[in-house]
Amino acid sequence: MQTRQSEFWTAGEAYEAYLGRWSRPVARQFLAWLGVFEGARWLDVGCGTGSLTQVILEDAAPRQVVGVDPSESFITYARAKHADAHVAFRIGNGTKLPIDDATFDVVVSGLVLNFMPDPALAVAEIARVTSRGGRIAAYVWDYAGGMQFMRHFWDVAIALDASALPLDEGRRFPICRLDSLTELFAAARLNGVETRAIDIPTVFKGFDDYWVPFLGGQGPAPHYCMSLPESHRSDLRAAPRNRRRSVWDDPYGCRSCGQSKRDHLLLIERDQH
Ligand SMILES: C[S@@+](CC[C@H](N)C(=O)[O-])C[C@H]1O[C@@H](n2cnc3c(N)ncnc32)[C@H](O)[C@@H]1O
């Protein structure tokens with residue numbers, strides 16, 4: 001199934017229910033680790049509905065934050081949700097940023113690099129718009145391993161339908177491995193590359209809290225889910241519930257079920273020359 005990336009990112013509310021609720025706590029840990037000073041000019045590349053932008057506003061006391069994303073509907077959502085004198089959202093592509101050279105002190109990108117057609121070009125663009133001595137930092141989901149609820153989804157989907165194999169984000173995005181990310185940034189000749197993982201708990205209230213957001217169609221796994229005939233989707237819904245009952249359903253019905261997921265992160269000091 002060939003799908004244009006733009007088809008994945010069209011509905012802000014549905015994205016929030018699926019991933020926005022988890023991308024915010026990741027962004028919070030990420031910023032705490034970054035430890036950037038107050039009054040900086042920030043750029044959020046692939047800002048989507050504004051999860052990372054929101055945390056920058058709340059935790060980093062920025063002079064300015066600009067969020068850029070190619071999805072017109074996500075930008076509309078972000079503008080409505082994060083009205084603040086310090087923030088602006090613009091439609092734009094990460095591989096051709098509509099921004100002058102050396103404009104920002106800190107350029108960040110959350111959960112986006114793997115969706116770029118040319119991640120090396122995206123990193124070069126990010127470096128271009130970062131001021132001398134500024135910081136560049138990015139993170140992606142660890143689709144192959146630590147992003148557990150998506151891992152469960154694809155494992156079950158592939159067991160039911162082997163043709164789903166090439167759609168599995170764990171297989172499609174080798175860039176999301178720590179060594180690949182490190183190589184990507186090293187190739188851009190950036191100084192002082194640091195990496196770490198972030199784990200956050202993803203606590204589901206029950207099976208529907210896990211399953212229903214897949215019906216929103218935002219992102220590769222929900223898009224696949226909604227492309228299936230109803231009977232196949234019902235099988236997909238039933239399969240993890242049966243197989244992983246101890247994960248999704250508390251037999252006593254009074255406790256939430258939890259999982260954790262992991263991001264890979266990079267911190268790069270820009271070359272001073
Ligand atoms: C998983 S979402 C992440 C959104 C947000 N950063 C967050 O943390 O919630 C991926 C985002 O990448 C954006 N995207 C896809 N291709 C892009 C590109 N070439 N340049 C910039 N952003 C892109 C999508 O529109 C979408 O908003």
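## Basis of the model

The structure is a predicted model, in which local features need pLDDT of at least 70 and side-chain atom pairs count only at pLDDT 80 or more, while totals for chains, interfaces and linings use all residues. Residues are numbered from 1 along each chain as its sequence is written.

## The shell around the ligand

The ligand is surrounded by 23 residues, and the closest are Ser23, Gly46, Gly48, Gly94 and Gly110. A residue is near a molecule if its C-beta atom, placed from the backbone, lies within 6 Å of it. By class, the shell has 11 nonpolar, 11 polar and 1 charged residues. Here Ala, Val, Leu, Ile, Met, Phe, Trp, Tyr, Cys and Pro count as nonpolar, Asp, Glu, Lys and Arg as charged, and the others, Gly among them, as polar.

Helix H1 (12-34) and helix H2 (51-59) each supply at least two residues of this shell. The largest share, 3 residues, comes from H1. Helices (H or I, at least four residues) and strands (E, at least two) are DSSP runs, numbered from the N terminus.

## The pair H1 and H2

The axes of H1 and H2 come within 8 Å and cross at roughly 45°. H1 is therefore oblique to H2. Axes are lines fitted to C-alpha atoms, for helices over the stretch in contact, and angles run from 0 to 180 degrees between N-to-C directions. Angles under 35 degrees count as roughly parallel, over 145 as roughly antiparallel, 65 to 115 as roughly perpendicular and the rest as oblique.

On the H1 side, the contact is made by Gly20, Ser23, Arg24, Ala27, Arg28 and Leu31; on the H2 side, by Ser51, Leu52, Gln54, Val55, Ile56 and Asp59. Two residues are in contact if their C-beta atoms, placed from the backbone, lie within 7 Å. By class, this contact has 5 nonpolar, 4 polar and 3 charged residues.

Alanine 61 lies in the loop between H2 and strand S2 (64-69). Although alanine 61 is not a glycine, its phi is positive, about 40°. Alanine 61 counts as partly exposed because it has 13 C-beta neighbours inside 10 Å. A residue is buried if 20 or more other C-beta atoms, placed from the backbone, lie within 10 Å of its own, exposed if 12 or fewer, and partly exposed in between.

Alanine 102, in the loop between strand S3 (87-91) and strand S4 (104-110), also has a positive phi, near 50°. Threonine 76 belongs to helix H3 (residues 72-81). The C-alpha atoms of threonine 76 and glycine 12 are separated by 8.6 Å, although these residues are 64 residues apart along the chain.
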